[in-house]
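Student: I want to learn how to read features off a model. Can we work through a few?

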Amino acid sequence: MNITKAEQKQIDRATAQGRGALLRTMAQLHRTGSSRTQKAIDLAIESANAWGDFTMVNGALLHNSEV
């Protein structure tokens, strides 16, 4: 992934907490990150086949628990 070290640390912490935390963190990073980060997260979501867990609202990626 093309993400910063700080973003990677957030992902690592969320991974330890479980899939739900990881997906929420990915959505948050997608909203606040650069276009490069957004593309990397899109690829990670695609590879995990997890698009069903997300919703786009006004161009912002939201995890279904945030809706």
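Student: Is Asn49 exposed or buried?

Tutor: This is a predicted model. Asn49 has a relative accessibility of 67%. The cut-off for exposed is over 50%, so Asn49 counts as exposed. Asn49 sits in the loop that links helix 3 to strand 1.

Student: What should I look at in the backbone of Asn49?

Tutor: Start with the general idea. Most residues other than glycine have a negative phi. Now the case here. Asn49 has phi near 55°, a positive value, and is not glycine.

Student: Where does Asn58 lie, and what is its phi?

Tutor: Asn58 lies in the loop between strand 1 and strand 2. Its phi is near 50°, a positive value in a residue other than glycine. Asn58 is exposed, at 83% relative accessible area.

Student: How do I read a pair of aromatic rings?

Tutor: A pair of aromatic rings is described by the distance of the centres and the angle of the planes. The count in this model is 1 aromatic pair. Trp51 and Phe54 form that pair, with 6.3 Å centre to centre and 70° between the planes. Planes over 60 degrees apart count as edge-to-face, so the Trp51 and Phe54 pair is edge-to-face.

Student: How accessible are Trp51 and Phe54?

Tutor: Trp51 is partly exposed, with a relative accessible area of 33%. Phe54 is buried, at 8%.

Student: How do helix 1 and helix 2 pack?

Tutor: Take the axes, then the angle. Helix 1 covers residues 5-17 and helix 2 covers residues 19-32. Their axes come within 7 Å and cross at roughly 155°. Angles over 145 degrees count as roughly antiparallel, so helix 1 is roughly antiparallel to helix 2.

Student: Which residues make that contact?

Tutor: Helix 1 supplies Glu7, Gln10, Ile11, Ala14, Thr15 and Gln17. Helix 2 supplies Ala21, Leu22, Thr25, Gln28 and Leu29. The residues of this contact divide into 5 nonpolar, 5 polar and 1 charged.

Student: What span does helix 2 have, and what is expected?

Tutor: Helix 2 has 14 residues. From first C-alpha to last it reaches 20 Å, close to the 20 Å expected at 1.5 Å a residue.

Student: Which residues of helix 2 are buried, and what covers them?

Tutor: Recall the helix geometry. An α-helix has 3.6 residues a turn, so residues three or four places apart point the same way. In helix 2 the buried residues are Ala21, Leu23, Thr25, Met26, Ala27, Leu29 and His30. Their cover includes helix 1, helix 3 (35-47), strand 1 (54-57) and strand 2 (60-63).

Student: What is His30 in contact with?

Tutor: Leave aside its neighbours within four places in sequence. His30 is then in contact with Gln38, Ile41, Asp42 and Leu61. His30 counts as buried, at 7% relative accessibility. The cut-off for buried is under 20%.

Student: And Arg31: what does it contact, and how accessible is it?

Tutor: Arg31 lies in helix 2 too. Arg31 is partly exposed, with a relative accessible area of 33%. Apart from neighbours within four places in sequence, Arg31 is in contact with Ala60, Leu61, Leu62 and Glu66.

Student: What separates the C-alpha atoms of Arg31 and Ala6?

Tutor: They are 25 residues apart along the chain, and their C-alpha atoms are separated by 15 Å.

Key:
Residues numbered from 1 in each chain as written. Predicted model: local features only at pLDDT ≥ 70, side-chain atom pairs only at ≥ 80, totals over all residues. Heavy atoms only, no water. Axes fitted to C-alpha atoms, helices over the stretch in contact; angles between N-to-C directions. Helix = DSSP H or I, 4+ residues; strand = E, 2+ residues; numbered from the N terminus. Parallel < 35°, antiparallel > 145°, perpendicular 65-115°, else oblique. Contact = heavy atoms within 4.5 Å. Nonpolar A, V, L, I, M, F, W, Y, C, P; charged D, E, K, R; others polar. Phe/Tyr/Trp six-rings, centres within 6.5 Å; stacked < 30°, edge-to-face > 60°. Buried < 20%, exposed > 50% of the residue type's maximum accessible area, 1.4 Å probe, protein only. Expected span 1.5 Å × (residues − 1).
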